[in-house]
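Hi there,

Here is the structure I promised to send over. Have a look, and then read on for my notes.

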Amino acid sequence: MGAYLSKDPNFTDSMKKVLYRDFRFDYKIFASHIDASATYTGPDVLFVSHELSLTGAPRMLLCAAVAVLRSGGFPVVVAPEDGPMRRELEQAGVVVIVDESLCEGHFLFERFARNFDAVVVNTMAVSAVVRQVEAIDDLDVIWWLHEGQALQAALEAEPGIDRTRVRLLCVSEYARGYLPADFRADVLYNGIPDRSGEVQKSL
């Protein structure tokens, strides 16, 4: 099933552009590596990333998605554009979706998010997604903030966020110290596996 979702020979990208004139955004599912017979006993978790680069925040998201998978859940990562982190996510067994409309407030993304138990929004860069999904009933919305000093001004510019519906996570006590006075957050300390041995072997 994942292979057909990723590349349907009877419904090509050119056909999509012809048929869906009201949806001009690039949209691609990468799920051909998923075992269709696998069962998942844990929660369905949607991870929203601002990019799929090999930088710190996307790598932390990779670790979190793998943790969900290992605990029996079904993680899906969505980002507005493709990048090299997508290959690592696929190798880890995670579904990836590239949705160019992600930060445009499109109603189709909101409908899609309703299928999950939780949505983890990664960094301030995709704050528009938080505003879009926070009103979905019975959806656990987590905003994972990787920024530091920039948090104060950025959050003060987000007066519409419902703080009773959105849980904030900071990456350190230092970062949490920059939250505006009326914001509260827990701390999820950063930590990734040591890959120095892998780097040495590749040299």
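Below is what I found in it.

A word on conventions: this is a predicted model, where local features need pLDDT of at least 70 and side-chain atom pairs count only at pLDDT 80 or more, while totals for chains, interfaces and linings use all residues. Residues are numbered from 1 along each chain as its sequence is written, and side-chain values use heavy atoms, with hydrogens and water left out.

The protein chain has nine helices and eight strands (DSSP runs, H or I of at least four residues for helices and E of at least two for strands, numbered from the N terminus). Of its 203 residues, 44% are buried (under 20% relative accessible area; exposed is over 50%, partly exposed in between, with a 1.4 Å probe and protein chains only).

Ser49 sits in the loop between β2 (44-48) and α3 (56-70). Its relative accessibility is 0%, so Ser49 counts as buried. A polar atom of the Ser49 side chain lies 2.6 Å from the backbone oxygen of Glu51. Leaving out residues up to four places away in sequence, Ser49 touches several others, including Pro58, Leu61, Asn122 and Val126 (contact means heavy atoms within 4.5 Å).

Thr123 belongs to the loop between β5 (118-122) and α6 (127-133), and is buried at 3% relative accessible area. Asp138 is in the loop between α6 and β6 (140-145) and counts as exposed, at 79% relative accessibility.

Best wishes

Conventions
Polar contact = N/O pair within 3.5 Å; in protein donor to acceptor, adjacent residues only side chain to side chain.
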